[in-house]
Amino acid sequence: MADGEEKPLRKVAEAFEELQTIVNSQPQELGLALLCNACSLILPFFVGLGIALKFAEMDYVSKVEDLCEASKTIISVQSMIDQDIQHNTVKKCGSNSRNLLRVKRALDMMKVLFEQILATEGNSLKCSASTAYTQVFAAHHGFAIRKAATAGMLLLPTKSRFLTMLNEDARRASRFVPGSR
């Protein structure tokens, strides 16, 4: 690989490290636009999983787009949540707070997926993806969606193919997953 090739995993790690720094510096609020930018960097991971998790990709993209649109008028994540609380829309389908929750779950799933990729032997993503789905999404989905997700696991690319699509390999990828260094 040439040095000039894009490294989505590195970009994501840097973006979320920046978010972590902001969150850990107490008085400063997390900017919604900054969060949206970091979240948009995850898209290649969903695309790399192919048709298997297309439903998750589509949901993730729409939620991030909605949050990006909201970031044009709302400065911080906290003010967005406060607005939804004030308008009693936190639990309303399509609210910014609910979209944020859905995006957070998708990020959690990707985190678990990469932890599992590093922890499992072999070239299959099925077990890693199944574990990630079960830990993060299964409790929130009905029977039909759980069955569709299970069936989709059969269509996943191989682990090496997935990492190649991201211009990474397991050895380099381990540097970007918390707790794997």
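A: Helices and strands are DSSP runs, helices of at least four residues and strands of at least two. In this predicted model, residues 30-53 are 62% helix and 0% strand, and the end C-alpha atoms of that span lie 29 Å apart. An unreviewed UniProt entry places the feature "transmembrane region" at residues 30-53.

Q: Which residues does the UniProt domain annotation cover?

A: The unreviewed entry gives "domain: Glycolipid transfer protein" for residues 35-168. Over residues 35-168 the chain is 68% helix and 0% strand, with end C-alpha atoms 24 Å apart.

Q: How many helices and strands does the protein chain have?

A: The protein chain has 10 helices and 0 strands. Its radius of gyration is 17 Å, close to the 16 Å that the globule rule gives for 181 residues, so the chain is as compact as a globular protein of that length. Buried residues, those under 20% relative accessible area, make up 42% of the 181 residues.

Q: How does one find empty space in a model?

A: Rolling a probe the size of a water molecule over the atoms shows where empty space is left. Here, the second largest pocket has a volume of about 350 Å³. Of the 16 residues that line this pocket, Asp 59, Arg 102, Arg 105, Phe 137 and His 141 are the closest to its centre.

Q: Which helix gives the most to the lining of the second largest pocket?

A: That helix is α6, with 6 residues; α4 (54-70) and α6 (96-119) each supply at least two. By type, the lining residues divide into 8 nonpolar, 3 polar and 5 charged.

Notes: Residues are numbered from 1 along each chain as its sequence is written. This is a predicted model: local features need pLDDT of at least 70, side-chain atom pairs count only at pLDDT 80 or more; totals for chains, interfaces and linings use all residues. Side-chain values use heavy atoms; hydrogens and water are left out. On a 1 Å grid over the protein atoms alone, a cavity is a set of points where a 1.4 Å probe fits but cannot get out, and a pocket is an open set with protein on both sides within 12 Å along at least five of seven lines; lining residues have an atom within 4 Å of a point. Grid points are joined across faces, edges and corners, and a volume is the space filled by probe spheres set on the points. Ala, Val, Leu, Ile, Met, Phe, Trp, Tyr, Cys and Pro count as nonpolar, Asp, Glu, Lys and Arg as charged, and the others, Gly among them, as polar. UniProt positions are given in the numbering used here, feature names are shortened, and annotations may be inferred rather than shown by experiment. The radius of gyration is taken over C-alpha atoms; the globule rule is 2.2 Å times the number of residues to the power 0.38. Buried means under 20% relative accessible area, exposed over 50%, partly exposed in between (1.4 Å probe, protein chains only).
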